[in-house]
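These notebook entries record what I looked up in one structure.

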Amino acid sequence: MLARNAESLFWIGRYVERADETARILDVAVHQLFEDSTVDPDRSSRLLLRVLGINPPEGPLDVWSLTDAVAFSRSRGGSIVDSLSRARENARGAREVTSTEMWECLNTTYNGLAERERAARRLGPHEFFSYVETRAAMFAGLADSTLSRDDGYRFLLLGRSVERVDMLVRLLLSRAGDRNSSPAWVTVLRSAGAQDTYLRTYRGALDAHRVVEFILLDRLFPRSVFHAIGQAEQCLDQLDINPSSRVGTRAEAQRIVGRARSELEFLPPVVVMEDLQQRLLALQTTCRDLQEAIAQQYFHSAPWVAWTDAGAGVSPEAEVER
């Protein structure tokens, strides 16, 4: 597979997952701001923007200024509209390795954003977030059902997995240091799409330790950090054309993800809350290092750049010139 096509698929997976996770997080945050009058909108909004790595706009923040910055902005890197736009542009330049259904899904989703934004301003932001979550789920289903399980699919799945780890770590970092009895842990579950599964797993018992354990270490929940890291490792193993030597793997990407998976796999659940913030920051660094190693190993790309600017892609015209 051409390196540019592999890179496009990797970033399509990342950008669609980023839009989906951002919509989930923002949906819960906005609902809380509307529902709970005791919450300070400016403080909560700034905390969320810091978690997402987005520079806050000037002036006090409320529900609509937060939504404008994180959801509707077309010039601010990391917004939902920006992520879907970049996913679409990457898909446009890699039509030969994506299915027609996948392209039509992304193109239709992007073209429907303006209408959904107008509806959201009339009826509330939930309309927009629900649309993004539904279309992201549709894209994931189409990718799973229309792509052969070849290298192209593995790069798409690899990008999705890396982005999922990064977003879940950001979500947990936003609550690291909260009291175990804080109701904010419920919002973590809801933002991760894990509330129902968690309640069935733990018979309704809500505890910060169990919430972190579930999102960080659960082996069966597909949106857990451990599951996503394991999926990324499996993709890299299948992409490796040179099997491990007698002294272990020689590829940097496999070493990074294997080390992260091992640390989580053998972490005693009873100590999961100890040094939680440092552990999460280490995982965030792992995502950055893994992205750079993958780029160097498979895409022959330049070193790491800022999270909100990475994977912007190259226009089809520029690709032709190259």
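Entry 1, second largest cavity. I looked up which helix gives the most to the lining of the second largest cavity, and I found helix 7, with four residues. The model is predicted: local features need pLDDT of at least 70, side-chain atom pairs count only at pLDDT 80 or more, and totals for chains, interfaces and linings use all residues. Residues are numbered from 1 along each chain as its sequence is written, and side-chain values use heavy atoms, with hydrogens and water left out.

I noted that helices (H or I, at least four residues) and strands (E, at least two) are DSSP runs, numbered from the N terminus. A cavity is a set of points, on a 1 Å grid over the protein atoms alone, where a 1.4 Å probe fits but cannot get out, and lining residues have an atom within 4 Å of a point. The second largest cavity is lined by Val16, Leu84, Cys105, Leu106, Thr109, Val132, Arg135, Ala136 and Phe139. Two or more of these residues come from each of helix 5 (100-111) and helix 7 (126-146). I recorded a volume of about 50 Å³ for this cavity; a volume is the space filled by probe spheres set on the points, which are joined across faces, edges and corners.

I then sorted the lining by class: Ala, Val, Leu, Ile, Met, Phe, Trp, Tyr, Cys and Pro count as nonpolar, Asp, Glu, Lys and Arg as charged, and the others, Gly among them, as polar. The lining of the second largest cavity has seven nonpolar residues, one polar and one charged.

Entry 2, largest cavity. How many cavities of 30 Å³ or more does the structure hold? I found two. The largest cavity has about 80 Å³ of space. Its lining includes Ser161, Ala228, Val257 and Leu283. Helix 14 gives the most to this lining, with four residues.

I returned to helix 7 and looked up its packing with helix 1 (residues 3-35): the axes come within 9 Å and cross at roughly 150°. Axes are lines fitted to C-alpha atoms, for helices over the stretch in contact, and angles run from 0 to 180 degrees between N-to-C directions. Contact means heavy atoms within 4.5 Å. Among the residues that meet are Val16, Ala19 and Asp20 in helix 1 and Val132, Ala136 and Phe139 in helix 7. The residues of this contact divide into ten nonpolar, one polar and four charged.

Helix 4 (residues 80-92) packs with helix 5 at an angle of about 145°, and their axes are 9 Å apart.

Leaving aside neighbours within four places in sequence, Ser83 is in contact with Tyr15, Arg18, Ala19 and Gly78. Arg122, in helix 6 (residues 113-123), counts as exposed because its relative accessibility is 63%.

Note on methods:
On a 1 Å grid over the protein atoms alone, a cavity is a set of points where a 1.4 Å probe fits but cannot get out, and a pocket is an open set with protein on both sides within 12 Å along at least five of seven lines; lining residues have an atom within 4 Å of a point. Buried means under 20% relative accessible area, exposed over 50%, partly exposed in between (1.4 Å probe, protein chains only).
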